[in-house]
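Me: Please walk through this model with me, taking the packing, the charged pairs and the confidence in turn.

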Amino acid sequence: MADQVAAMCEQLIKAVNVMMDAETNQIYRLEALKFCEEFKETSSFCVPCGLQLADKAQPAVVRHFGLQILEQVVKFRWNNMQQQEKVQLKECAMQLLSNGTHSILEEESHIKDVLSRIIVEMIKREWPQHWPDMLKEMEALTSQGEAQTELVMLILLRLAEDVITFQTLPTQRRRDIQQTLTQNMESIFSFMMAILHVNVEDYRKVAKAHCRVAVATLNTLAGYIDWVSLVHITSGNCHLLEMLCLLLSEPELQLEAAECLLIAISRKGKLEDRKPFMLLFDDVAIHYILSAAQAVEVVERRYIFLKRLCQVLCALGSQLCSLVGSDVEVEVPANLSKYMEAFLAFTTHSSQFLKSSTLATWGSLFRHETLSKDPVVVEMTIKYLRASMINLVKTGFPSRDDNPSCEYSRVDFDSDEDFNSFFNSFRAQQGEVVRSACRIVPLEAFQIAAEWLQYQIASPIDTGDTTSKTAEGLCSLLSPSVVQWDAMTVFMECMVAQIFKNLDEERLPIDQSMELLQAVLNYDTKDPLILSCVLTNVSALFPFATRRPHFLPQILYKLFKAITFEVGQENKVSSVKNVRRHACSSIIKICRDYPQFILVNPCFDMFYNHVKKLFSSDATLTHMEKCSLMESLVLISNQFKDFTKQKAFLDELMASVVAEWTSDEMRHALGDPAVFLSFVGADQVVTEQSKDTDTAGLNRGRLSFCLYAMLGVVKRSRWPSDLAEAKSGGFVVGYTPAGAPIYRNPFTTQFQVLLPNLLALIRYGGHCTLSFLCMLFESHHLKILWLNLLYMCLSLQQEFYTIEKLAEEIAGSAFVSLDHVPDHRLLLRVFLRQLVLSCPQEYYDSLLCPLLGPLFAYMQQRLNIKWQVINQRTSVKSAENTSRNIHSLNAVYKLKLVSPFVQNIYMTLLTLSFTSLSWKDTTNCHRTASMVCWTLLRQVACSIVLRGLQVHGQHEVCNSTLSQLAMLIYENLLPRYMELSAVMTQIPNISVDALDQYNHRLLDPNAQKVGDKKRKDQFKKLIAGTVGKALCQQFRKEVHIRNLPSLFKKPKPDKDVQNSEALGLAALFSPENNTL
């Protein structure tokens, strides 16, 4: 046998060398691989060959293969081995641990890893029942040297990962091992702490081997700290945490120590158990954390350590916020200022990533009911706000070298695009924290913002070395002045939003704010990017102007001037357009938030006259700018609170639009497809050399202007929110049977005149392809068509649904040629969902049924075809678009439709919902199974749901919802449809006896009932055979670990209460007992 083993080992060594040789032909490599795999699967010489190949005299690659063979034997053959063979293999493995490796610094890490895996696989199968002395044997190994100690740490870590983290064992085995680990945790922790202490001491005497052991011990501790009882972490007056803090000063161990510290401090649990964490606020711990944070250069390992250290401080802050002010009565730490200074140091660090890591903790501190009032935190809030003046500035692009943060950004981000995306999110989070800080110190925040704004106004514009490509002398987005103005503007907006919420009227700094506003209004610049920031500051400071109405004309003059802003001949560039749009948005915002303020002042007439002057003059206003001004006027008119007056105003405002839209020319163009195509220029070839007037372009502009104007008015036109004001103003025309008022919109009459041509244009949108329409209009214009209908539902409400023949009109326009409309352009998400949600119940039959019936039938057919294509391609990419459409149908499911006509809609919707369960769209499956199917369905076979389990059962969320749905269907329908039991018997590997018992409990009213949880578990076991496997699991070889005899449990004493000695209960309630 020895000769056979030697010969086989020689062949295996040759095969391994062939596989690992880079020069080997691919065919030979595959043959060698096949030979090795067949040997591991079938050979009876696996153990002796594996041991021989694992000899440390062999090359590392051969030893690794030999150890892999032994691991394969333990994982897949252990259950079939004789006891003597198991004992022999275990002793050989322990021998390998003892003397089968090189010294700790020479041995390859992959050899250590596979050797530890072998031992852990044995432990998972034999400990503690058949290997009770395992822990003692491991402890004894550590006395043999550093290499053995490191291996023991790797074994303990791997065991914790498999049992606790990854849970790769059967339930009973996992429970046995975890229970035994927990019982021995005090000794395990003491053992690891002793190993760590000894090796740290020896490491300080310049012994590299001991450093490696200390690192392995820290890594193992990290694997246990996450789940063991907090008692073990905080025992001995937090001795473990104290040691970890000390190790932060050791360059070779600080990263691993920080990892352990972070895991420990991040632990949740009872507040009482977490109370000892407050010891980390002592001077010693904070001193070591501060010292470790200093002198850290931009080296990857050190920078990672700095990130972990920052996370440690954040976790410590979270514990502080949880404990202070809670029931455990924890006082604010005496040296909180030192912690806050350390935390602020990370907030002012050059790394943008480190700054962002601190935001959540700052927010928690500023929102904390107790800590936010502490003098230390209040003082630190002011420092934080000043630090934000730097942090809000957009600097640190990886491609540049104009800031110290650039060097760190090159480590954290792959490109400027990545950094830009990160910073946008970072700034949004900063805004939230700055708002929280302003609530604590509103006046100080105002002072900081005022100083910053005054400084920016006084500073000359610095374009930097990245000037604008638009015009010479203008700034770009990265110019120093622009990034400073931009950051200051964000700070100003955050501050003003909070100062009015947190200060009484008499404490508001009105005079100072008016000085600021005057300075902003007087500031004049021709740079569009700077001007955009100036306009934002005007809008931000406007609430103060409501206390000084005489400022309003100056503000409006500034905004109107910006609407017609120009830079030489370059008026079509994006930065100039943005300024004009910004001015329009600011006016709309003022009219939306302060319409009464404008109306009660003499400014309204000036405002309206100025708008009419702009419209009639040669001012180069775009259609969007004109519509924005009209929208602002509509917002003001809502404050008339007089239906007749408001209607007359809207009639006057929209007279030109109505005349244009209903003109004979427009009606003729929209009445015939051929004429329409000619009207918009689809039959023309336009070249750049053409000097003729682009009539078709003007026509497209007319269409766009009318659509935007209609949208602006119908979106903004409203009746008073107060019922009494609405009634007195003539807006209420009646009441519903339920007593709700029925309002009328002052724009309804006009919109009814405009609606026919709008529907005609929508109809052409169905006939034309998307690419063709995009060629005619800007892409967002197409959405305007649907938004007009959407806001009709919202604004006109009852009046909209009473339009004569509305269902026929919508069906004849919106639902025409849906095949030409791409998935992501379908009308469901834009219009139909709101139509259903807003529709009064009395119009279900007359409006919704004629629309939804044909639409759902079409959607079922369309989506089924789409998913057939997707399944054939085995691609999930297109799934996202098609699944969105069925998500929008959730709004329809709430309808309680009962008429005979609705049965067709119901059945179509039912089929669509259950068919979608087997589409390869996990999100849709979960939504439909949990929200829709049982609501719609009371009578359906289980087979469709079981098919959904086959497709999505490997996902835990879908498995839970589908199993619950299947159980609901089965239990509710089995008493009436016994054939469902036959469907269940077709499930692979189902236990017929278990199914019969389950059915018996369901059908027999006298049968013993079980709890809901147990019933769910039983049903899950019954249908387990239907659960499909993920593709990555389908060809994986199964590992089977047998359960061992249950650990000994002390039986509870069976005590007969009736026959026991007297308990005194009878005497207690006896009439003769007067002692009470």
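**Burial, pairing and confidence**

Me: Are R580 and E625 buried or exposed?
Reply: This is a predicted model, numbered from 1 along each chain as its sequence is written. Local features need a pLDDT of at least 70 and side-chain atom pairs 80 or more, totals for chains, interfaces and linings use all residues, and side-chain values use heavy atoms, with hydrogens and water left out. Relative accessible area under 20% counts as buried, over 50% as exposed and in between as partly exposed, with a 1.4 Å probe and protein chains only. By that scale, R580 and E625 are both buried.

Me: With which residue does R580 form a salt bridge?
Reply: A salt bridge needs a side-chain nitrogen of Lys or Arg within 4 Å of a carboxyl oxygen of Asp or Glu. R580 lies in helix α28 (residues 574-593) and its partner in helix α31 (residues 623-637), so the pair ties together parts that are 45 residues apart in sequence; helices here are DSSP runs of H or I with at least four residues, numbered from the N terminus. With the closest N and O atoms 3.0 Å apart, the partner of R580 is E625.

Me: How many residues apart in sequence are the parts that E631 and R716 tie together?
Reply: The side chains of E631 and R716 meet in a salt bridge, at 2.6 Å from N to O. Since E631 lies in helix α31 and R716 in helix α36 (residues 695-716), the parts they tie together are separated in sequence by 85 residues.

Me: In which helix do E37 and K40 both lie?
Reply: E37 forms a salt bridge with K40, their closest N and O atoms being 3.3 Å apart. E37 counts as partly exposed because its relative accessibility is 33%, whereas K40, at 10%, counts as buried. The two are three residues apart, about one turn, in helix α2 (residues 26-42).

Me: How far apart are the end C-alpha atoms of helix α17?
Reply: The expected span of a helix is 1.5 Å times one less than its number of residues. For the 12 residues of α17 (residues 336-347) this gives 16 Å, which agrees with the separation of the end C-alpha atoms, 16 Å.

Me: In which loop is T358 found?
Reply: T358 counts as buried because its relative accessibility is 0%. Leaving aside neighbours within four places in sequence, T358 is in contact (heavy atoms within 4.5 Å) with C310, C314, F343, F346 and T347. The loop that holds T358 is the one between α18 and α19.

Me: Over which residues is the pLDDT below 50, with 64 contacts in the model?
Reply: The pLDDT, the predictor's confidence in each residue from 0 to 100, averages 85 over the protein chain, and 86% of the residues score at least 70. The stretch with those 64 contacts, counted beyond near neighbours in sequence, is residues 875-902.
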